[in-house]
Amino acid sequence: MLKRFLPQEEGFFKLFQKTADILVNATTEFHLMLKDLRNHQQYVDKIAADEHEGDKLAHTTFELMHKTFITPFDRHDIHHLTSGLDDILDVINRCAQRFPFYELNRLPEEMISLAELSTKCALSLHQAVYRLHSLKDSDEIFKFCEEIDAYESNAHQLVLSGEKKLFVEENDFKHFFKLKEIYSQTKLVINRCQDVGNIIKGIILEYT
């Protein structure tokens, strides 16, 4: 029989949801920055603030976990989910922090499309996290996690195409390595979203 509801400690779910909100903001700002490089610093600052807020939410979640006798699901899973969401924000911030000293004034279209995919991953993850308090939505949660898997597959092809073009067309050695690093870090954002999606799928399977 399907266990439709997890034990309720609303504080955990609200913290997960707030972090998912911040994640959508950060990936959106990152995507916008790649289309507005002249004003990159304003986006870098916003993303740094998002990452700092995510750290505070993670700390609050860990504190709540230690104070709570009955948690919504296994403490190990809460730790993994919290750390996973925080890791995504860390990666976005690390990537954004490169822009002030990389001094880029042009980016390949594949890279901008990759950043857009990171936002789509964050939005799907956001939808999954917001349904996590009730397992009656387990089919929808799986659907959103599968969307992330599909975006990751698309992202892999974009990176292959973009890096191939770099090898063929880019003659500026420094510019080549700057762009290759941004490809790598942006793809890592998507990989981390997929990791968190897998954590969520594991939680659903354990409680159904």
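Against which helices do the buried residues of H2 pack?

1. Basis of the model. The structure is a predicted model, in which local features need pLDDT of at least 70 and side-chain atom pairs count only at pLDDT 80 or more, while totals for chains, interfaces and linings use all residues. Residues are numbered from 1 along each chain as its sequence is written, and side-chain values use heavy atoms, with hydrogens and water left out.

2. Helix H2. Helices are DSSP runs of H or I with at least four residues, numbered from the N terminus. Helix H2 (residues 40–67) has 28 residues and spans 41 Å from its first C-alpha to its last, close to the expected 40 Å; the expected span is 1.5 Å times one less than the number of residues. Its buried residues include Tyr-43, Ile-47, Leu-57 and Met-65, where buried means under 20% relative accessible area, exposed over 50% and partly exposed in between (1.4 Å probe, protein chains only). The buried residues of H2 pack against helix H1 (10–34), helix H3 (75–97) and helix H4 (99–102).

3. Two residues of helix H5. Glu-110 lies in helix H5 (residues 109–130) and is buried, at 11% relative accessible area. Its side chain makes a polar contact of 2.7 Å with the side chain of Lys-165; such a contact is a pair of N or O atoms within 3.5 Å, and within protein one must be able to donate a hydrogen and the other to accept it, with residues adjacent in sequence counting only if both atoms are side-chain atoms. Leu-125 is also placed in helix H5 and is buried, with 1% relative accessibility. Beyond its neighbours within four places in sequence, Leu-125 is in contact with residues including Leu-23, Ile-88 and Val-196, contact meaning heavy atoms within 4.5 Å.

4. Aromatic pairs. The whole structure holds 8 aromatic pairs, that is, rings of Phe, Tyr and Trp (its six-membered ring) with centres within 6.5 Å; planes under 30 degrees apart count as stacked, over 60 as edge-to-face and the rest as tilted. Phe-16 and Phe-73 form a stacked pair, 6.2 Å centre to centre with 20° between the planes. This pair joins distant parts of the chain, with Phe-16 in helix H1 and Phe-73 in the loop between H2 and H3, 57 residues apart. Phe-16 is buried at 2% relative accessible area, and Phe-73 is buried at 1%. Phe-173 and Phe-177 form an edge-to-face pair, 4.8 Å centre to centre with 70° between the planes. Phe-173 is exposed at 62% relative accessibility, whereas Phe-177 is partly exposed at 42%.
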